[in-house]
Each structure stands twice: as structure tokens, then as C-alpha cells.
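Work through these exercises with the structure open beside you. Try each task before you read its solution.

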Amino acid sequence: MTVELPPDYKPSPDEDYMNPRQLEYFRLKLLKWRDELMQEAQETLNNLRDDSYKEVGDEADRASRESDHSLELRTRDRYRKLIRKIEQALERVEDGSYGYCEDTGEPIGVARLEARPIATLTVDAQERREMKEKVIADR
């Protein structure tokens with residue numbers, strides 16, 4: 001079932017939570033974000049390829065280029081991980097679990113999903129998890 005969204009549609013707390021319009025809104029938002037990241041990742045790859053054909057200058061130039069390449073590769077890796085999280089969120093949209101906390105089953109909330117569409121936890125559950133991780137790290 002395809003849901004048509006008005007161009008100015010924004011999810012509202014007055015609507016039923018994760019109704020078909022909201023799910024479609026977040027699905028489209030996630031797809032757009034994924035496409036942008038994939039395009040940026042491709043540009044990063046192209047930059048790395050282009051740089052590999054440039055003349056190597058002095059030692060400072062080589063060090064600078066290696067530093068730039070390292071940053072580009074870290075960025076590309078971050079995009080790869082983020083794209084995977086977006087794909088997992090799209091799977092949750094499809095299976096109907098999107099927008100609900102994976103720990104408690106409670107609604108994550110439209111405002112949190114607007115800010116972080118790949119969120120899998122409510123703010124409270126996220127804080128509990130971070131506190132637990134901090135306690136373990138402090139041992």
C-alpha cells in the first residue's frame with residue numbers, strides 16, 4: 001500500500017503514532033539520507049582515486065596527502081556504518097517495529113525520530129544503557 005504525502009507533511013503528536021503517513025514520511029527521509037551518504041561516499045572514493053595519480057611532492061606534501069587519505073577513509077567507514085543503520089531502520093519500517101524502543105517496546109517519539117531517524121531506543125532507555133556502559137567501563 002503506497003501512501004501519498006502532501007509536500008509539506010510533518011508528523012504531528014496529534015496523529016496516531018506510526019500511522020501509515022508517519023511510516024511513509026520516515027521511510028522517505030531514511031531513503032533520502034541513505035542516497036546522500038552513498039553519493040558522498042562515492043565522491044570520497046573518486047577523490048582518493050584522483051589523488052593517487054597526482055605527482056608526489058616533498059615529504060610534507062606526502063604526509064599531508066596521507067593524512068587527508070586517512071581522514072577520507074575514516075569518513076567513508078563512518079558512512080558505511082551509518083548506511084547499515086539506515087538500512088536496518090528501513091527494515092523496521094517494513095516489519096512495523098520502526099519507532100518503538102527495542103528495550104521497552106515504548107514509542108520512541110516523533111521528535112526524537114526527527115532528530116535521529118535511526119534511533120532504536122527512547123531517550124530514557126538510551127541514558128540507562130549509557131550509564132550501564134559507563135559503570136562497566138569504570139571497573
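**Exercise 1. List the buried residues of helix 2, then describe its length and what follows it.**

Solution. This is a predicted model.
Step 1. Go along helix 2 and pick out the residues under 20% relative accessible area. They are R65, T75, Y79, L82, I83, I86, A89, L90, R92 and V93.
Step 2. Count the residues of helix 2: there are 37.
Step 3. Take the span from the first C-alpha to the last. Helix 2 reaches 54 Å, close to the 54 Å expected at 1.5 Å a residue.
Step 4. Look just past the end. G96 follows helix 2, and its phi is positive, near 85 degrees.

**Exercise 2. Find where confidence is lowest and where it is highest in the chain.**

Solution. 
Step 1. Begin with the whole chain. Its mean pLDDT is 89, and 93% of its residues reach 70 or more.
Step 2. Find the low end. Helix 1, residues 20-52, has the lowest confidence, at a mean of 87.
Step 3. Helix 3, residues 110-115, has the highest, at 95.
Step 4. Keep a reading rule in mind. Where pLDDT is low, predicted coordinates should not be read in detail.

**Exercise 3. Describe the largest pocket: its space, its lining and the helices that supply the lining.**

Solution. 
Step 1. State the volume. The largest pocket holds about 190 Å³ of space.
Step 2. Name the lining. K85, Q88, R92, E102, R112, R116, I118, A119, T120, L121, Q126 and R129 line the largest pocket.
Step 3. Sort these residues by kind. Six are charged, three are polar and three are nonpolar.
Step 4. Trace them to helices. Helix 2 (59-95) and helix 4 (123-138) each supply at least two lining residues. The largest share, three residues, comes from helix 2.
Step 5. Link back to Exercise 1. R92 lines the largest pocket, and R92 is also among the buried residues of helix 2.

**Exercise 4. Classify the aromatic pairs Y17 with Y100 and F26 with Y98.**

Solution. 
Step 1. Start with the count. There are four aromatic pairs.
Step 2. Take Y17 and Y100. Their ring centres are 5.3 Å apart, with 90 degrees between the planes. Planes over 60 degrees apart count as edge-to-face, so this pair is edge-to-face.
Step 3. Y17 is in the segment before helix 1, and Y100 is in the loop between helix 2 and helix 3. The two are 83 residues apart, so the pair links distant parts of the chain.
Step 4. Check accessibility. Y17 has a relative accessible area of 23%, so Y17 is partly exposed. Y100 is at 28%, so Y100 is partly exposed.
Step 5. Take F26 and Y98. Their centres are 5.6 Å apart, with 45 degrees between the planes, and the pair is tilted.
Step 6. F26 is in helix 1, Y98 is in the loop between helix 2 and helix 3, and they are 72 residues apart. Both F26 and Y98 are buried.
Step 7. Widen the view. Ring pairs link Y9, Y25, F26 and Y98 into a cluster.

**Exercise 5. Decide whether M18, V3, C101 and D35 are buried or partly exposed.**

Solution. 
Step 1. M18 lies in the segment before helix 1. Its relative accessible area is 9%, so M18 is buried. The phi of M18 is near 55 degrees, a positive value in a residue other than glycine. Most residues other than glycine have a negative phi.
Step 2. V3 is also in the segment before helix 1. At 17% relative accessible area, V3 is buried. V3 and I83 are 80 residues apart along the chain, and their C-alpha atoms are separated by 24 Å.
Step 3. C101 is in the loop between helix 2 and helix 3. Its relative accessibility is 4%, so C101 is buried. From C101 to K81 there are 20 residues in sequence and 20 Å in space, C-alpha to C-alpha.
Step 4. D35 is in helix 1. Its relative accessible area is 45%, so D35 is partly exposed. D35 and R116 are 81 residues apart in sequence and 16 Å apart in space, C-alpha to C-alpha.

Key
Residues numbered from 1 in each chain as written. Predicted model: local features only at pLDDT ≥ 70, side-chain atom pairs only at ≥ 80, totals over all residues. Heavy atoms only, no water. 1 Å grid on protein atoms, 1.4 Å probe; cavity = no way out; pocket = protein on both sides within 12 Å on 5 of 7 lines; lining within 4 Å. Points joined across faces, edges and corners; volume = space filled by probe spheres on them. Helix = DSSP H or I, 4+ residues; strand = E, 2+ residues; numbered from the N terminus. Nonpolar A, V, L, I, M, F, W, Y, C, P; charged D, E, K, R; others polar. Expected span 1.5 Å × (residues − 1). Buried < 20%, exposed > 50% of the residue type's maximum accessible area, 1.4 Å probe, protein only. pLDDT = per-residue confidence, 0-100. Phe/Tyr/Trp six-rings, centres within 6.5 Å; stacked < 30°, edge-to-face > 60°.
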